[in-house]
Structure formats: structure tokens, C-alpha cells
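Q: Can you walk me through this one? Keep it short.
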Amino acid sequence: MRLLKKNIEKSIEYGEEKNFFNKLNKIYEEIQGGECRGCTSCCMESVNTFYIEFLNIYKHLKNRPELYMKLIPKVIEYYFLELVENRPCPFLDKDGRCTIYEVRPLTCRLFGHLSEREHNENYKNVLEENRESRDYFREEYGIEIPEEIVNYKIEYCKEFKVDKRAKKQERQSMIDDIFVIESSFFMKELITEEFLGTGLVSWFAYSYFDLDEAGDYRLDIMREYAEQGKNAILEKVLKKVIDDKL
Ligand code: SF4
Ligand code: SF4
């Protein structure tokens, strides 16, 4: 199963016809931007993203082919190495700016709006998922995911200031509204359930590789990385991505 580029194009057309991108932007506009010291700690890993949000970002980058071609090797590299090495979100540039700021996903927009308790609850869930992945990779493939990746935590930010925090109920209602949009793509069979819960970098990876192919490459790259550090398989895979057209 692959997220074919022609299906991405069809999904964008469908989203435009149904006014979904405007609806998404309206939801984003409900979230008040805050002020902070821009330390980038909250961008030290990538985020989960709805399909409509991936389409919104893809559409934005498609109109900026130079930026797309600059970002895509970083994005794909992140996908293949995220379980062996802690690295910042690939959309963060070297000056600490988000390269897709105008179209950044909901999770990034809501980061500072959560209470400390909610932030820690989310971490507990992520930690549980990470531990499950660690056990799965260990038992199925004999690959060890380093403990610093399993336990990695973005600390709660006490420096973010905003006049009006989005309350839990309001945030849930935004997610529900996006989910309604998301369901339309499933009903139209433009995506299938295999793609549920996909992260932002994974959407991009699946536009280049079949799900199984991506999984097989990931195992080979992780094994090679564990044994030798640098990675010939990864370089081959990145070349394929760079040679491919947008
Ligand atoms: S919200 Fe907090 S963690 Fe994120 S960049 Fe601003 S100060 Fe840093
Ligand atoms: S998409 Fe942008 S805001 Fe979100 S984590 Fe990445 S760099 Fe940070």
C-alpha cells in the first residue's frame, strides 16, 4: 500500500472542491498565537498529523519546489533514523525557525495551550507506546532502540504566554471537526485505514515508498546504523528520493 502522488493530487482537488482547506484554516484561526523566547525545545521531535494537514503542507510546499527539494531528504532521513537517534523536527531550520510555520500542524499550534498535567499525561501515553515499540523491535527483529529515545521527553514549557488558552473542550472540538474532514477522505477511499495515526514525516515517506517497502528499508537502515554508524543503504534510499520528481 502506497500513498500514490496521483492520489495526493486527487485528494487536494477533492479538498478544494469541498472547501476543506478553508475549514482547516478556520480551525487554526481559533487558536491564539502566544509569545515565548523561541528556544525551539518544543520542536525537538516531529509530530502526528491528520491527512488534511499533510495535504495542506504538501500543497504549500508544492508551490515552493526549491524548499520542498531542500526539505525532503531531511524529512526522509528523519523517518528512517527516528528510532536510532534523537533529532529535531526536520522542518526546523538551522536558525531555529519552522520552515512551514504558516501551515504547521494542530499539535504544534496547541503545544503551549496544554496544562502541565495534560502535558505529562500525554507523555505517559507516548512513553507507553515507545516501550511497546522497543519490545516489538527487540523480540521480532533483535534490534535495540536506545533507552534515550524510548524515554525522550519534551519538557513542559512554562515560558509560553497567551491571553486566551484553548481549553480542553475547545481543543477536543477542533480535533472532532478535523476528524469529520478526515472521514470524507476515507469514505472516498483516497486513503485507507492502514494510514490511520500517521506522523507528519511518515506521510511524506509513504508518498515515496510502499508501506512494506518503507518498513523493510527502515529495518535494514537501523541494523546498519547499529553496526556501523554511517549508512550506505540510507544514502541509496535518499538518492532515489532526490532523483524522483515532486
Ligand atoms: S513554546 Fe516554550 S519550548 Fe517552545 S519555543 Fe517557545 S519557549 Fe521554547
Ligand atoms: S512543524 Fe514546525 S512548529 Fe512543528 S515541530 Fe516542526 S519545526 Fe516545530
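Q: Before we go on, what am I looking at?
A: A predicted model, where local features need pLDDT of at least 70 and side-chain atom pairs count only at pLDDT 80 or more, while totals for chains, interfaces and linings use all residues. Residues are numbered from 1 along each chain as its sequence is written, and chains are lettered from A and ligands numbered from 1 in the order in which they are written.

Q: What span should α6 have, and how far apart are its end C-alpha atoms?
A: Helix α6 covers residues 116-141 and should span 38 Å at 1.5 Å a residue. The expected span is 1.5 Å times one less than the number of residues. The end C-alpha atoms are 36 Å apart, which agrees.

Q: What follows α6?
A: Glycine 142, with a positive phi near 65 degrees.

Q: Switching topic. At what angle do α4 and α11 pack?
A: About 140 degrees, with the axes 10 Å apart. Axes are lines fitted to C-alpha atoms over the stretch in contact, and angles run from 0 to 180 degrees between N-to-C directions. Helix α4 is residues 65-81 and α11 is residues 232-243.

Q: Which residues meet there?
A: From α4, Ile72, Pro73, Ile76, Glu77 and Phe80. From α11, Leu234, Val237, Leu238, Val241 and Ile242. Contact means C-beta atoms, placed from the backbone, within 7 Å. That contact divides into nine nonpolar, no polar and one charged. Nonpolar is Ala, Val, Leu, Ile, Met, Phe, Trp, Tyr, Cys and Pro; charged is Asp, Glu, Lys and Arg; the others, Gly among them, are polar.

Q: Is phenylalanine 185 buried or exposed?
A: Buried, because 23 other C-beta atoms lie within 10 Å. Phenylalanine 185 sits in helix α8.

Q: What does phenylalanine 185 contact, neighbours within four places in sequence aside?
A: Ser11, Tyr51, Leu190 and Ile191. Serine 11 is 174 residues away in sequence but 7.3 Å away in space, C-alpha to C-alpha.

Q: And lysine 164, buried or exposed?
A: Exposed, because lysine 164 has 11 C-beta neighbours inside 10 Å. Lysine 164 lies in the loop between α7 and α8.

Note on methods
Helix = DSSP H or I, 4+ residues; strand = E, 2+ residues; numbered from the N terminus. Contact = placed C-beta atoms within 7 Å. Buried ≥ 20, exposed ≤ 12 C-beta atoms within 10 Å, placed from the backbone.
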